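Student: Could you take me through the aromatic rings of this protein, please? I would like a close look at how they pair up and what lies around them.

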Amino acid sequence: MLVALAGCGQKSQQDVVDALDKKLNEMDSYKVNAKMTLETGEEPQRYDVEIWYQKPSYYRVELKNATKEQSQIILRNDEGVFVLTPALNKSFRFQSNWPENGSQAYLYNTLVSDILNDSSAGFEAKDNDYVFTTKTNYQNKNLSKQSIKLNKKDLAPEKVTIMNQDLKPLVNIEFSNMKFNASFDKGAFDMERNMTAAQLEVPVIAATNEPFEVVYPMYEPQGTGLTDEKEVATDKVILTFTGEKSFTLIEEKSKAALETSAPVSVGEGEPVDLGFTMGVMTESTVSWNHNGVDFFLASDDLSIDEMVSVARSVYGTTEIK
């Protein structure tokens, strides 16, 4: 009787951690959907996210902002890591350890790894869920803690909340339709196939004569400010910020590629989550597209964290005269 009663008791934190470790090692693949809300800008940004994973290291993450009809796909396959922007018929390719090199709130693999790697993680067993509170490993150091809610039945993710040091929620992700050991068609992680399929849903944008707006960073490092604004073409402007930590921001109206071409290779780089879009980051640059504008931020003075902070803050606008 005592053995039977013990078997009916609550699992300890170590029991759940061991079960997660086993699941991570034995899992071959998964598919899951999520709704992500970002509270890091002027107003909440909401995305629908579809995530695919196949062992050992194939990933496909599609992010859609339904209100603005934006779509981006992050792929990892044997050829490298890609960031696809179907509406512009453009893609970037680079060699990277993504996503193993940091936390990724919508990837089950990295959520479990964050739990396994945090020896001081908080734990609470509820009626139907387990909730872990862990440290994070994001490029944006303001995202310092996360709450991870897992279903007791199969340890599937239910909700992730990422917080700053004051425990203020900045990102919320709610998961649905988790399917472990899912099957995929041949070519599911192929770059060209994904680009073509995405463009059937979001057609390549047509050129317009509408003026674009200059967008200014709301965050500038202390001792640095805008000193020059040069319009070098009808649809291109260069902003120069000088001071203790100088940087240059180039903005140009996006032009969709007329035909699919080879991905632009940027060598060593990383996909970077800017909140409102995915960008590509190297040691001294960040590039991204948003609302039909290409952005390129370059600096020899800013740290990686500072570059990401500046890029994330680019949303103040004034129309070009």
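**Aromatic rings and their partners**

Tutor: Let's begin with a charge over a ring: the charged end of Arg-60 sits over the ring of Trp-52, 4.3 Å from its centre. Keep in mind that this is a predicted model. Trp-52 also has an aromatic partner, Phe-184. A pair of aromatic rings is described by the distance of the centres and the angle of the planes. For Trp-52 and Phe-184, the centres are 5.4 Å apart and the planes stand at 45 degrees, so this pair is tilted. It brings together distant parts of the chain, 132 residues apart: Trp-52 belongs to strand β2 (residues 45-54), while Phe-184 is in the loop between β11 (169-180) and α4. Both Trp-52 and Phe-184 are buried.

Now compare another pair. The ring centres of Trp-288 and Phe-295 lie 5.1 Å apart and their planes are at 10 degrees, so these two are stacked. Buried means under 20% relative accessible area; Trp-288, at 5% relative accessibility, therefore counts as buried, and Phe-295 does too, at 5% relative accessibility.

Altogether, the count comes to 13 aromatic pairs. There is also an aromatic cluster, formed by Tyr-30, Tyr-53, Tyr-59, Trp-98, Tyr-108 and Phe-180. One of its members, Phe-180, has a charged neighbour: Lys-23 lies over the face of the Phe-180 ring, 4.1 Å from the ring centre.

Methods: Residues numbered from 1 in each chain as written. Predicted model: local features only at pLDDT ≥ 70, side-chain atom pairs only at ≥ 80, totals over all residues. Heavy atoms only, no water. Phe/Tyr/Trp six-rings, centres within 6.5 Å; stacked < 30°, edge-to-face > 60°. Helix = DSSP H or I, 4+ residues; strand = E, 2+ residues; numbered from the N terminus. Buried < 20%, exposed > 50% of the residue type's maximum accessible area, 1.4 Å probe, protein only. Lys NZ or Arg CZ within 6 Å of the ring centre and 35° of its normal.
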